Every structure is written in C-alpha cells, then in structure tokens.
Amino acid sequence: MTPIRTTCPYCGVGCGVLVSRAGDTFSVRGDPEHPANLGRLCSKGAALGETLSLDDRLLHPEIDGRRVTWDAALDSVAQRFQQVIAEHGPDAVAFYVSGQLLTEDYYVANKLMKGFIGSGNIDTNSRLCMSSAVAGHKRAFGSDAVPGCYEDLEIADLIVLTGSNTAWAHPVVYQRIVAAKKARPGMKIVLIDPRRTATAEIADLHLAIKPGADAWLFNGLLNHLRREGDNHGGIDWSYLENHVEGFGAALEEVGGLNIPKVAAHCGLAEADVAEFYRLFTQTPKSVTVFSQGINQSSSGVDKVNSVINVHLATGRVGLPGASPFSITGQPNAMGGREVGGLANQLAAHMDLVPECIERVGRFWNAPNITHRPGLKAVELFDAVRDGRIKAIWIMATNPAVSLPEADRAVAALKQCEFVVVSDNTRHTDTARLAHVLLPAAAWGEKDGTVTNSERRISRQRPFLPLPGEAQPDWWIVNEVARRMGHTQAFVCNSAADIFREHAALSVFENEGRRDFNLAGLTHLDSADYDALEPVQWPVTANGRGTPRLFGQGRYYTGSGKARMIVRPPRGPATPVNASQPFIFNTGRVRDQWHSMSRSGKTARLLSHIDEPYVEMHPADIRRAEVRNGGLARIRNGRGEMLARVVESAEQRPGSVFAPIHWNGQNSAKARVDALVYAVTDEISGQPEFKHTPVAVEPYAATWYGFVMARAPVECTQAGYWTRVRCRACWRHELAGTESECDWPRRLREAFGADGDWIEMKDCGVSRYRAALMRDGRIEMVCFFDRDFAALPPRHWLEGLFEQDRLNDAERSALLMGLPSRDVPDAGRTVCACFGVGENALKQAIRQGVNSVEALGIKLQAGSNCGSCIPELKKLLAAT
Ligand code: SF4
C-alpha cells in the first residue's frame with residue numbers, strides 16, 4: 001500500500017508519520033516532509049504499529065453492561081439528557097471531553113452543549129495540562145496564541161527550558177534542540193527544574209529550583225533586565241513604550257528583587273542565578289519553553305505571565321529565535337482551544353461576552369446559546385458529586401484516574417444518575433462506572449485534524465476500517481444532537497463538512513480582530529481536505545500559514561499593546577507539614593502515554609519502566625525508613641498509593657516523584673492523582689499537580705513474588721500487584737502482608753494438574769519456586785520469597801516464553817533463578833527501538849565502548865529515535 005500520511009496521536013509535538021502495510025503488519029516511520037519532525041519519531045511514535053490490535057477494544061454500544069443497538073444507545077442518551085434538562089435546566093448536564101479528540105469531534109460537542117443545550121458545561125482534560133498557559137496568553141496578548149514555532153528552537157542562541165522534562169515528555173522537540181546544539185555548540189541551554197531530569201544531559205546550566213518558586217526567578221530576572229538597561233542588552237524601553245502597557249506598575253512591583261533575595265527564595269546558589277540572568281540579558285535570540293511544571297500550579301497563570309514578561313521587556317516575542325513558547329501535552333489540546341473546548345471559551349477563539357455570543361448564536365442559528373461560562377473540570381466533578389449535575393457524557397478520557405483527588409471523582413460518578421462514556425477501550429477505571437458505553441473510533445480509524453504546539457494543523461488520516469460498530473466521535477455527537485431535535489443545525493455528514501463550518505466561523509465577522517483565522521481553508525472540497533498539508537494558523541486567504549505572531553508588536557488587546565502583569569509570587573497552596581513532610585511531584589515517563597490504554601499494548605514500550613515507582617533522594621529514603629527496591633506506601637488525607645522505591649541522587653531532597661500512567665486496570669494502588677489535592681489556580685482552574693504534601697512509609701510486606709504466564713492471571717487479591725505485558729507472556733509482581741503467602745496454592749488451583757509441575761520449596765525462608773511445563777514449553781513460572789532481593793532477574797525468564805521448547809540446561813537453570821549461558825539476562829530495556837538492555841550496555845562499556853555513537857555502532861542503541869540517548873550518556877558516565 002502507498003504509505004498513509006497521518007499524525008502521531010500522543011504528545012503535542014504533533015509529529016507526522018508514514019504508515020505502511022505488509023500483510024497484517026503495519027510499520028510506522030517519521031514523515032520526512034512533516035515540518036514538526038522532519039522524519040524523526042520518539043520511541044512511542046516508532047512503536048505505534050504495535051498498538052493496533054483490537055485487544056480490549058470497545059466494539060459495540062452497551063447499556064448497563066448489555067450489548068444494544070446504536071439506535072437504542074443513542075435514543076437512551078438523547079432522551080435522558082432531554083429529561084434532565086426539562087426537569088432541572090441545562091446546567092444539570094455536562095460534557096467532559098479530551099485533548100485526544102480531533103478538532104472536528106470537539107467542534108460538534110462544543111456546538112451542541114454551548115449552542116443548543118444552552119449550557120457552558122463542557123470542559124476538557126486539557127484544563128489539567130495547559131489552561132494556565134491559555135489564561136496567561138490571553139492576559140498578555142489579548143488572545144490565546146503561541147507566538148513562535150519549532151524552528152525558533154534551532155536558531156535561538158539560548159533556550160531556557162522551565163518546568164519541562166522535554167527529553168521524555170516532548171522527545172522530538174528535544175531531539176531538534178540536541179541536533180541544533182550539536183551543529184552550533186555555542187548555543188546555551190538552561191534547565192529550570194527541581195529534578196535533574198533526562199533533559200539535564202544537554203543543559204549548560206541546571207537550576208534545581210525549589211518547587212513552586214518559578215515566579216520569584218522570572219520576576220527577579222525582570223528587575224535585573226531593568227537594572228541592566230538598554231545599554232547592556234537589558235530592557236528595551238522603546239519596545240515597552242510602543243508595544244506594552246502596564247510595565248510601570250510591573251517594574252515597580254519587582255523593584256526590590258535582587259539576586260541574593262531571588263536565590264534565597266528559590267533555594268539556588270547566587271552564582272547560578274547570576275549566570276542565568278547574564279545569559280538571558282546578553283542573548284537577544286532566546287526562547288523560553290514552558291510546560292506543565294509552570295502551568296500545573298495554584299498560581300500557574302501568574303507564573304506564565306512572569307515568563308512572558310521578560311520576553312516583553314526585551315521585545316523578544318514572535319521574532320526568529322526569540323519568543324516565549326508554551327508546549328502542550330496532548331495531541332490536540334490546541335485544537336480544543338480553537339473550537340472552545342474549555343468551559344470559559346466560545347468557539348473560534350471568541351469569548352463568552354455579549355458581542356461574541358450574539359455573533360456565534362447568529363452563525364449557528366442557535367437562539368438558545370449559553371450566556372455564561374460553565375464549570376471548569378474540578379468544579380464540574382464537584383457538581384456531579386453534590387447532585388447539581390445529574391447527567392454527564394465523558395468522551396475519550398479517564399477522569400477516574402487523571403483528576404486530582406481521583407477517589408472523589410470516582411465517588412461522584414458512582415452516585416451520578418446518568419454517566420455516558422464514549423471511548424475506544426472497553427476496560428478503563430471510568431468505563432467501569434458508565435451506564436451507557438459508546439464505541440468510538442481509535443487512531444488509525446479516525447479522520448480529521450489536530451493542531452500541535454506551534455499552531456500547526458495536520459491531518460489524521462484513517463488507514464484501518466472501523467472495527468465492530470465503532471463510529472467517529474463527531475458522528476456519535478451529531479446523532480445524539482439530531483435525536484434531541486436539532487436536526488437543522490447538525491447536518492454535517494463528514495469530517496470535511498465540519499472543518500469547513502469551523503473555518504467559516506473563524507472568518508465570520510472577523511475583520512482582523514481575532515487571531516484565529518482560517519480564511520484560506522473555508523472552501524476546501526473533500527479532495528482538498530484529504531490532501532491538506534500541515535499549515536500554521538492564521539491561514540491567509542491565499543492559503544499561506546503564519547509561522548510567527550506578534551513580531552510587529554501588535555497584539556489583540558483593545559489598545560493593540562501587550563500587557564505586562566506582575567503579581568506578588570505565591571507559594572504552593574498546601575505546604576508540607578510534620579505529618580506529610582514530602583513534596584509529591586507527578587509527571588510522565590519516556591515510553592508511556594497517559595493511562596496506557598494504547599502505549600501499554602506494546603511490550604517494547606513497557607520494557608523500559610514496567611512498574612509504578614516513587615523516586616526519592618537517598619537522604620529521604622533514610623528519613624522515610626524505606627528501602628531502595630522495596631515497596632513504599634505514599635499517603636495523605638486524600639488517598640494513598642503503593643510503589644517501588646527508586647533511589648536517585650537527581651531528586652531534590654524533600655521532593656519525591658511518581659509517574660502518572662498506572663491505574664486500577666494494571667496495578668493495585670498506583671493512581672497518583674488519588675493523592676493530588678484538588679486545589680486550582682483561581683483564574684485558569686488548573687490543578688496543582690506538582691506540589692502535594694505526602695507521607696512516605698514502608699509497605700510492610702512479609703512476602704514478595706512474581707508470576708509469569710502466557711495469559712493474565714487474576715491477581716487482584718494480593719495487597720500489592722502490578723500486571724505488565726511482555727513479548728510472549730504476562731508478568732505479575734506481587735507482595736502481601738499476610739503471615740503466610742498462599743499464592744502457591746492459588747496458582748496450583750488456577751492452573752490445574754495438566755502438565756509437568758517443577759517445584760522447589762524451602763519453608764525455612766518462605767521460598768517457593770515453581771514452573772509449569774506443557775509439551776516442553778513453559779506455561780507459567782513463579783517465584784516467592786520473604787526477601788525481595790532474593791528473587792531472580794526477570795528479563796531472561798521472559799525470553800524463555802518465546803521458545804517452543806526449553807532444553808535441559810534451561811530447564812535446570814529455571815528454578816535456580818540463574819540465566820543460562822545461552823540466554824543471558826539483558827536487564828532492563830534502555831533502548832526500546834532495538835530492545836537493548838542495561839546489562840548489555842554496561843558490559844559493552846566495560847569492554848571499552850566509550851561514546852553514544854560507539855554504543856550505536858556496536859549494539860544499535862540510540863541509533864533510531866534517540867529517546868534513550870540521555871540514559872546512554874548517564875550509563876557511560878556511571879559505568
Ligand atoms: Fe508522537 Fe513522540 Fe512525536 Fe510526541 S514526540 S508526537 S509522542 S512521535
């Protein structure tokens with residue numbers, strides 16, 4: 001087949017991919033012509049071809065767990081929503097949508113709720129990752145627009161990365177920076193992050209800032225620029241006079257901040273702060289990249305403005321190589337912003353103000369259009385919990401895992417009168433709570449557009465048929481809207497139809513007053529839409545995109561000037577205390593995406609990090625009396641989780657880190673957001689995911705073990721369990737606090753007597769090892785011990801499941817727990833593309849391989865997507 005050009009469904013980098021088919025196998029490679037990635041992919045994107053199975057797909061509509069027809073399901077949703085609206089008014093219903101939706105899906109969902117149901121109660125999970133950036137942009141620029149583009153990262157002389165583990169969360173952006181620095185070694189990179197993340201590998205200066213202190217640092221920089229003045233590359237008074245308002249008050253507010261004060265507030269050395277200030281002051285071509293570490297805060301909007309302020313002060317906005325640059329987490333967070341997916345926005349970047357409401361109402365012919373904003377994500381689920389919202393429709397997201405105080409979200413949904421979930425995955429923590437399940441199209445089947453972090457609209461094109469009875473999200477919403485009586489307004493019959501309407505609204509009575517403008521895309525016919533090339537909005541009438549905005553110093557405020565806004569810095573809303581002395585920080589790992597429903601389908605990606613963990617500084621490990629490699633309970637008044645302790649000197653003392661991906665489907669208790677306090681920024685409503693006080697204590701396990709089997713084993717009875725997919729088996733890590741481990745008996749019962757059981761038992765140390773062989777093939781192997789450290793390595797055992805027969809040496813090595821010479825233990829996977837393990841890398845380094853390039857030549861590691869290069873560098877340094 002001719003390769004299909006489409007877009008990666010994971011992060012906001014928005015890489016173009018080429019999908020080719022050979023028989024039943026699909027291969028995915030980077031699209032060399034897509035401007036976002038120019039052929040590059042990260043490990044997640046490169047493994048997309050392995051995630052297309054229909055395992056755990058939701059394929060048919062269901063009501064109360066029973067399969068029904070589409071007509072029955074759609075009628076049920078429409079009737080129940082109408083009934084609630086009739087009895088309790090439009091604000092008694094809500095949609096909670098997602099940055100995974102395509103722009104066309106988002107557009108119709110927003111139109112139905114705001115235009116025709118007449119409520120603002122549609123909010124999106126993008127609220128959780130970038131709504132502070134939206135509010136900060138609007139305050140400063142008068143519109144929610146990212147001024148720059150990825151090319152700026154290659155031509156800048158200084159890149160400041162703040163609150164962003166770019167190497168893991170936006171790997172292709174990171175690769176572009178790495179390549180640029182290699183080509184121009186004089187380029188400087190400053191990383192501002194409490195943790196020394198993988199991104200630090202390319203940083204010339206790492207500021208391990210005290211969590212939450214970013215506004216002090218940037219406000220101090222603003223004052224420093226003022227003191228340096230025009231002559232030394234500092235403040236650009238002429239730019240301020242002509243293009244910025246509010247700078248007098250702003251500069252007065254920061255007037256008392258000198259380097260010693262900033263250093264004290266930020267927990268940094270004065271020399272490091274001074275060096276950062278010197279670099280920024282003296283480097284006109286500077287880009288400040290900010291992400292969740294800035295946004296996910298109870299003062300996130302003020303932090304965003306503190307970053308934008310230093311760019312306004314120097315006139316470095318929308319110029320080649322000079323801009324503030326928000327990079328978004330999700331593939332279509334930006335598309336959602338464009339169509340009004342947030343409760344406080346209308347469509348096409350219009351606000352919920354009378355003039356815009358009237359205009360959009362006329363365009364949609366929607367006399368019932370809402371006149372006020374709806375509830376933001378956290379408030380929305382509070383309203384579900386207290387019964388103000390009686391019917392909710394959740395699309396393509398998993399709030400039972402991802403909302404702060406996630407147990408409260410679960411309780412809210414449990415007692416909600418009517419919960420609809422449209423998704424493509426059958427078993428999620430949220431789908432379990434639905435009355436109606438609607439099967440939605442997945443990546444590879446979807447047809448529409450997404451917008452990446454640099455405002456670039458790209459096509460997601462289908463290359464697979466819709467499986468079972470799955471349908472696109474826009475189709476599902478349209479059908480419900482029609483059944484609710486809105487037959488004239490929901491007439492679009494294709495994604496292309498919807499896109500044309502979306503583009504038409506962007507130009508409707510625009511006259512240059514709104515930034516979001518798709519003038520050149522309003523008349524695309526279906527063939528043009530199919531062939532649409534990636535383009536950055538605004539798109540002029542002749543179809544040209546716009547790489548940069550605001551370069552002329554004109555903004556979308558009433559005066560045409562940007563606004564400089566400084567508020568006194570505030571610390572996190574919930575400080576640590578004696579009983580919860582650690583700061584809990586959450587984030588992503590390199591090879592997983594959100595709650596793993598797609599990335600967890602490939603063993604290759606799970607082999608990098610395969611268990612929920614909490615990363616702690618060695619001093620904190622001693623303080624909490626936990627053990628590296630042991631299990632810890634992390635808890636506070638909101639919830640608790642269990643996780644493996646990983647020691648890391650790169651963690652800031654007092655802060656602990658846990659990844660966001662594990663959930664109730666693959667682990668006993670690893671939903672990090674169960675612990676995160678539902679405190680939000682008062683303007684953006686974005687929760688403070690980066691700063692939650694917790695206690696950490698040992699999980700007092702009396703036994704540990706693991707089971708590997710060809711199919712998943714029911715293990716939810718164990719106090720601690722995780723389940724991961726390996727190449728040819730499933731692995732379950734288990735632990736418990738009972739005086740006696742009864743898993744040997746359970747496994748005997750579960751697997752029966754069919755086959756050869758090989759067993760080894762040592763009651764004195766509670767050791768039990770067993771393997772079940774059938775026709776010479778291994779079916780199951782399990783190891784239990786009182787001591788976790790006595791359990792054998794796992795990776796070589798996984799390899800045995802790939803063999804049709806074990807030889808005698810392998811059989812006898814099996815219960816010894818020792819890899820045979822034929823099947824060495826490669827260790828934890830570092831390079832996911834070529835499956836290169838840590839042990840193999842260490843051995844090569846010990847044999848004299850001394851560079852990343854040489855590891856690539858010898859073992860291929862790091863020679864494809866490059867996502868593992870920071871870890872290779874660390875191994876080279878440490879081995
Ligand atoms: Fe996908 Fe990786 Fe590109 Fe993000 S960086 S869009 S996850 S390939």
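## Crossing of H17 and H19

In this predicted model, the crossing of helices H17 and H19 is left-handed. The contact is made on the H17 side by Phe381, Asp382, Val384 and Arg385, and on the H19 side by Arg408, Ala409, Ala412 and Leu413. By class, these contact residues divide into 5 nonpolar and 3 charged, with no polar ones.

Two packed helices are described by the angle between their axes and the distance between the axes. Helix H17 covers residues 377-385 and helix H19 covers residues 406-414. Their axes are 8 Å apart, and the packing angle is about 45°.

## Surroundings of the ligand

The residues around the ligand are Cys8, Tyr10, Cys11, Val13, Gly14, Cys15, Leu41, Cys42, Lys44, Gly45, Pro171 and Val172. Sorted by class, this shell has 9 nonpolar residues, 2 polar residues and 1 charged residue.

At least two residues of the shell come from helix H1 (43-46), and at least two from helix H7 (171-183).

## Asn165

Asn165 is placed in the loop between strand E8 (158-162) and helix H6 (166-169). Its relative accessibility is 13%. Buried means under 20%, so Asn165 counts as buried.

Which residues is Asn165 in contact with, leaving aside its neighbours within four places in sequence? They are His170, Arg195, Thr197, Ala198 and Thr199.

Terms used: Residues are numbered from 1 along each chain as its sequence is written. This is a predicted model: local features need pLDDT of at least 70, side-chain atom pairs count only at pLDDT 80 or more; totals for chains, interfaces and linings use all residues. Side-chain values use heavy atoms; hydrogens and water are left out. A residue is near a molecule or strand if one of its heavy atoms lies within 4 Å of it. Helices (H or I, at least four residues) and strands (E, at least two) are DSSP runs, numbered from the N terminus. Ala, Val, Leu, Ile, Met, Phe, Trp, Tyr, Cys and Pro count as nonpolar, Asp, Glu, Lys and Arg as charged, and the others, Gly among them, as polar. Axes are lines fitted to C-alpha atoms, for helices over the stretch in contact, and angles run from 0 to 180 degrees between N-to-C directions. A crossing is left-handed if the near helix is turned anticlockwise from the far one by less than a right angle, and right-handed if clockwise. Contact means heavy atoms within 4.5 Å. Buried means under 20% relative accessible area, exposed over 50%, partly exposed in between (1.4 Å probe, protein chains only).
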